Amino acid sequence: SHFIVGLTGGIGSGKTTVANLFAEQGIDLIDADIVAREVVEPGSEGLAAIVEHFGEHVLQSDGQLDRSALRECIFSQPKQRLWLNECLHPLIRKRMLELIKQSTSAYAVLVVPLLFENGLDSLVDRTLVVDISPELQIKRTQDRDGVDKGQIENIIRSQMPRQQRLDKTDDIIDNQGEIQEIEQTVFALHKQYLSLSKAVLS
Ligand code: ATP
C-alpha cells in the first residue's frame, strides 16, 4: 500500500478491537508488537547484536531471547536501556517498511502502541487514536489480564498523556461506549481512508 494509517492508543484502549474491524474490511494490518518479536527471533541480526553486547546469559536453552534476563540487564541502567532501544528501533523500522511494501490492500493500518513516543508517526500518512479515560483503561485491562491496578497505572504513566495524544492525532475513535458503537465510526473512517488513498495515487 502507498497510504498508511498509524493506529495507536494507551494500554487497554481498544487498538486490537479496532484493528480487527479494519481487517474485516480487507485491510492489511502491520502489528508493531509482532515485528518487535520478529527482529529478535533466533537467527536474527537483532538477537546476535544483543547476545554480543550482553552475553550468552540472555539466551534460553532453546536459543530464544530470555526476556526477563534482558530486563534485568537494563533495569535501572539507563545507558543499557538506551543501547537496546538504539539497537532495536532501526531494525523494527526497517521490517515495518518491508511489510508496508508487501501490503496489497488499498491502504494499510500500522498498529503501534507507542506511535508518537517512538517517532513512528513519521512512517505514516495519517494517525488514528483510540481514546478512553484512564479509569476505563484500568478496568478493561484488569478484566482482560487480571493484573493488579498499580501495575496498569505504572504503564499508563509511562505512556504519552491522554490529552497530548489527542492533540497530535488526525482522527479519533471514542471507545468509551459499547463495542457496537464503534463499528459505524470505523466504517466511515474506512471510506475516508479509501478516498484519501486514491488521492495519493492520482
Ligand atoms: P493493549 O495496549 O493492552 O494491547 P488494546 O489497546 O489492543 O490493548 P484491546 O485488547 O482491543 O485493547 O481492548 C482491551 C480490552 O477491552 C479487551 O478485553 C477488549 O475486548 C475490551 N474492549 C474493547 N473495546 C471495548 C468496548 N467498547 N466495551 C467494552 N470492552 C471493550
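Five strands make up an open sheet with parallel pairing. The strand order is E2-E3-E1-E4-E5. This is a predicted model. The protein chain is divided into domain 1 (1-27 + 106-202) and domain 2 (35-104).

**Sheet**

- Strand E2 (28-31) and strand E5 (171-174) stand at the edges. Each has a single partner strand, so one side of each lacks a neighbour in the sheet.
- From one strand to the next, the twist averages 25°.
- Strand E4 (residues 126-131) and E5 run parallel, joined by four bridges.
- Val-130 has Ile-173, in E5, as its bridge partner.

**Helix on the sheet**

- Helix H5 (residues 78-102) packs on the sheet.
- H5 touches strand E1 (4-8), E2 and strand E3 (108-111).
- The direction of H5 makes about 175° with that of E2.

**Domain arrangement**

- The centres of domain 1 and domain 2, taken over C-alpha atoms, are separated by 25 Å.
- Eleven residues from domain 1 and seven residues from domain 2 take part in the contact.

**Domain interface**

- The size of an interface is often given as the accessible area lost when the parts come together.
- Between them, domain 1 and domain 2 bury about 780 Å². Carbon and sulfur atoms account for 62% of that area.
- How many salt bridges does the rule find across the interface of domain 1 and domain 2? The count is zero.
- One residue pair is in polar contact across the interface of domain 1 and domain 2, with both residues at pLDDT 80 or more.

Key. Residues numbered from 1 in each chain as written. Predicted model: local features only at pLDDT ≥ 70, side-chain atom pairs only at ≥ 80, totals over all residues. Heavy atoms only, no water. Pairing = 2+ DSSP bridges. Helix = DSSP H or I, 4+ residues; strand = E, 2+ residues; numbered from the N terminus. Axes fitted to C-alpha atoms, helices over the stretch in contact; angles between N-to-C directions. Contact = heavy atoms within 4.5 Å. Domains from an automatic or database assignment. Buried area = accessible area lost by both parts, 1.4 Å probe. Salt bridge = Lys/Arg side-chain N within 4 Å of Asp/Glu carboxyl O. Polar contact = N/O pair within 3.5 Å; in protein donor to acceptor, adjacent residues only side chain to side chain.
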